[in-house]
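Please look over the model below before reading the points that follow.

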Amino acid sequence: MAIRPRVTITLDEEIYKELTNIAEEQERTPANLAAYIVTKAIKEKNKENLQNKEAL
């Protein structure tokens, strides 16, 4: 099984409340939702970088 490193972040209270509300709506934990959001952002950035390289 792959090792899943852990990361600690600090959020503004309002952002944490929004994260928690969205997580509850999606029946996830806040940590799971945060991991999903970070993963999605990195994949989008990598795709954007690849497209920029191809445009050169």
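**Notes on the predicted model**

1. After H1 comes Glu-27, with a positive phi near 55°. Helices here are DSSP runs of H or I of at least four residues, numbered from the N terminus. Glu-27 is not a glycine, yet has this positive phi. The residue sits in the loop between H1 and H2 and is exposed, at a relative accessible area of 77%. Exposed means over 50% relative accessible area, buried under 20%, and partly exposed in between, with a 1.4 Å probe and protein chains only.

2. This is a predicted model: local features need pLDDT of at least 70 and side-chain atom pairs count only at pLDDT 80 or more, while totals for chains, interfaces and linings use all residues. Residues are numbered from 1 along each chain as its sequence is written, and side-chain values use heavy atoms, with hydrogens and water left out.

3. H1 has 13 residues and reaches 18 Å from its first C-alpha to its last, close to the 18 Å expected at 1.5 Å a residue; the expected span is 1.5 Å times one less than the number of residues. Leu-19, Thr-20 and Ala-23 are the buried residues of H1. Seen down the helix axis, they fall within an arc of 100°, so they line one face of H1. The arc is taken from the directions from the helix axis to the C-beta atoms. An α-helix has 3.6 residues a turn, so residues three or four places apart point the same way. The buried residues of H1 pack against H2, contact meaning heavy atoms within 4.5 Å.

4. The largest pocket holds about 670 Å³ of space. A pocket is an open set of points on a 1 Å grid over the protein atoms alone, where a 1.4 Å probe fits, with protein on both sides within 12 Å along at least five of seven lines; lining residues have an atom within 4 Å of a point. Of its 18 lining residues, Pro-5, Val-7, Ala-31, Ala-34 and Ala-35 are the closest to the centre. H2 gives the most to this lining, with nine residues.

5. Ala-55 is in helix H2 and is exposed, with a relative accessible area of 68%. Between Ala-55 and Thr-29 there are 39 Å in space, C-alpha to C-alpha, and 26 residues in sequence.

Technical notes. Grid points are joined across faces, edges and corners, and a volume is the space filled by probe spheres set on the points. Helices (H or I, at least four residues) and strands (E, at least two) are DSSP runs, numbered from the N terminus.
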